[in-house]
Amino acid sequence: MRTAGFQAWLRQVAHLTRRQRDQLFAALRPAVDLDRACATIEQARPDPACPTCGGCRTHRHGVQRGLQRYRCCACGRTFNARTGTPLARLRYRERWLPGLGGMLEGKSVRATADALGVHRNTAFRWRHRFLHLAKHDRPASLTGIAEADELYVLESQKGSKRLDRPPRTRGGVARRRGIDGDHVCVLVARDRSGATFDFVTGRAAVTCAQLQQHLLPVLDPDVLLVTDGHAAYQSFARKTGISHEALNLRKGERTPGRPARAEMKWTPPADEMLERNWRVKMKGGSSRAHGIKVP
Ligand SMILES: [Zn+2]
C-alpha cells in the first residue's frame with residue numbers, strides 16, 4: 001500500500017465503531033502472529049550457516065514469505081533460518097506461536113487443533129517438532145551462581161512394546177507414596193543469566209554418580225552451586241571441589257546466611273519448570289517423546 005493512501009486509511013481508523021475495530025483486529029491477527037513467528041525464528045538463528053555445505057560466507061538474497069533468504073557464496077544454494085531445522089516445510093506459520101502456547105498451557109492435541117482450526121494430525125506433528133527443537137536447544141555452560149533441583153515425574157511408557165510394570169489408566173498414580181522406581185528424576189540446573197539445563201538421571205532419587213555424569217560437564221569451574229542440601233549434592237561438591245551452598249528449606253532458609261551472598265534468593269528451578277508446565281504436564285505423549293528417556 002502506498003504511504004499517502006495508508007495514512008488516509010489510518011486516519012479513518014479513529015472513526016470505526018467498536019464492532020468494526022473488533023473485525024479489523026481479527027483480520028490483522030494472523031498477520032501479526034506470522035510476524036511474531038518469523039521474528040522468533042530469525043532471532044533463534046541470527047546468522048545461519050549454509051545447511052548444504054556448512055559455509056559461513058553468505059549474503060542476503062531477498063525475503064521470502066516474511067523470512068530473510070540467504071545465498072551461500074560457496075555452493076550457491078539459497079536458504080533461510082528454518083531450512084534444515086525440524087520447522088522446515090511446516091505450514092500455517094502464523095498459528096505456531098498460539099499452538100505452542102496451547103501446548104505449554106497443557107491443552108490436548110485435539111483441543112489445540114480445534115482452537116487453531118487445523119487438523120489434529122497437524123497439531124500432533126507440530127508438538128513433536130517443537131519438542132525435538134526443545135531437546136536440542138542448550139546453552140554452553142552454567143556460570144556465576146547456579147541453582148540445581150530435581151523434579152520427579154511419573155514415567156509414561158506409552159507406545160512401548162513391553163511394559164516393565166502393570167499398565168496404568170489415564171496417566172494414573174504411583175503404586176507407592178513418595179519417590180520410587182515409578183518416578184523418573186529430571187535434574188534441573190539454572191544460572192542467573194537464565195541458562196537452563198535439564199537431564200534425565202534415571203529412576204528414583206538422584207545420586208552423586210549421576211550428578212558427576214550429568215551436572216559436572218556443564219558447570220564452570222568457578223561456579224557457586226546452590227541446592228536444597230540433598231546428600232547427593234553435598235558429596236558431589238566434596239568430590240569435585242565445586243563451591244556449594246546448601247540451604248535448609250525446612251528451617252525456612254531462603255537465602256544463605258552470609259551477608260555477601262544475600263542477593264542469592266533460592267528459587268528452585270524445578271518449581272519454575274512445573275509452573276511453566278514445560279514438557280511435564282503436557283497432556284498426551286510418552287515420556288520418551290518429551291525427551292524423558294530413562295537411561
Ligand atoms: Zn553452501
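In the predicted model, helix α2 (residues 18-44) packs against helix α3 (residues 96-104) at an angle of about 80°, with the axes 8 Å apart. Axes are lines fitted to C-alpha atoms, for helices over the stretch in contact, and angles run from 0 to 180 degrees between N-to-C directions. The angle makes α2 roughly perpendicular to α3 (65 to 115 degrees; under 35 degrees counts as roughly parallel, over 145 as roughly antiparallel and the rest as oblique). From α2, the residues D33, R36, A37 and T40 meet W96, L97 and P98 of α3, a contact being defined by C-beta atoms, placed from the backbone, that lie within 7 Å. By class, the contact of α2 with α3 comprises 4 nonpolar, 1 polar and 2 charged residues. Nonpolar here denotes Ala, Val, Leu, Ile, Met, Phe, Trp, Tyr, Cys and Pro, charged denotes Asp, Glu, Lys and Arg, and polar denotes the others, Gly among them.

Residues are numbered from 1 along each chain as its sequence is written. The model being predicted, local features need pLDDT of at least 70 and side-chain atom pairs count only at pLDDT 80 or more, while totals for chains, interfaces and linings use all residues. The protein has 8 helices and 8 strands, taken as DSSP runs numbered from the N terminus (helices: H or I, at least four residues; strands: E, at least two). Of the 295 residues, 23% are buried; a residue is buried if 20 or more other C-beta atoms, placed from the backbone, lie within 10 Å of its own, exposed if 12 or fewer, and partly exposed in between. Among contacts with a separation of 6 or more, 57% involve residues 24 or more positions apart.

R29 is also located in helix α2. R29 counts as exposed because it has 12 C-beta neighbours inside 10 Å. Its C-alpha atom is separated by 8.8 Å from that of E94, 65 residues apart along the chain.

An open sheet is formed by 3 strands in the order β1-β2-β3, with antiparallel pairing; strands pair if DSSP finds at least two bridges between them. Strands β1 (58-64) and β3 (78-80) stand at the edges with a single partner strand each, so one side of each has no neighbour in the sheet. From one strand to the next, the twist averages 35°. The antiparallel pairing of β1 with β2 extends over 5 bridges, and Q64 stands opposite L67 in β2. These two strands form a hairpin with 2 residues between them, and R65 in the turn has a positive phi of about 45°. Of the 7 residues of β1, 0 are buried, so this strand lies largely in the open. Strand β2 (residues 67-72) pairs with β3 over 3 bridges, again in the antiparallel sense, and R71 has T78 in β3 as its bridge partner.

The loop between β3 and α3 contains L90, which counts as partly exposed because 15 C-beta neighbours lie inside 10 Å. Not counting residues up to four places away in sequence, L90 touches W126 and R129. The C-alpha atoms of L90 and R125 are separated by 8.9 Å, with the two residues 35 apart along the chain.

In helix α4 (residues 109-116), the residues V109, T112 and A113 are buried. They lie on the same side of α4 because they cover an arc of only 100° around the axis, the arc being that of the directions from the helix axis to the C-beta atoms. After α4 comes G117, with a positive phi near 70°.

How values were computed:
Two residues are in contact if their C-beta atoms, placed from the backbone, lie within 7 Å.
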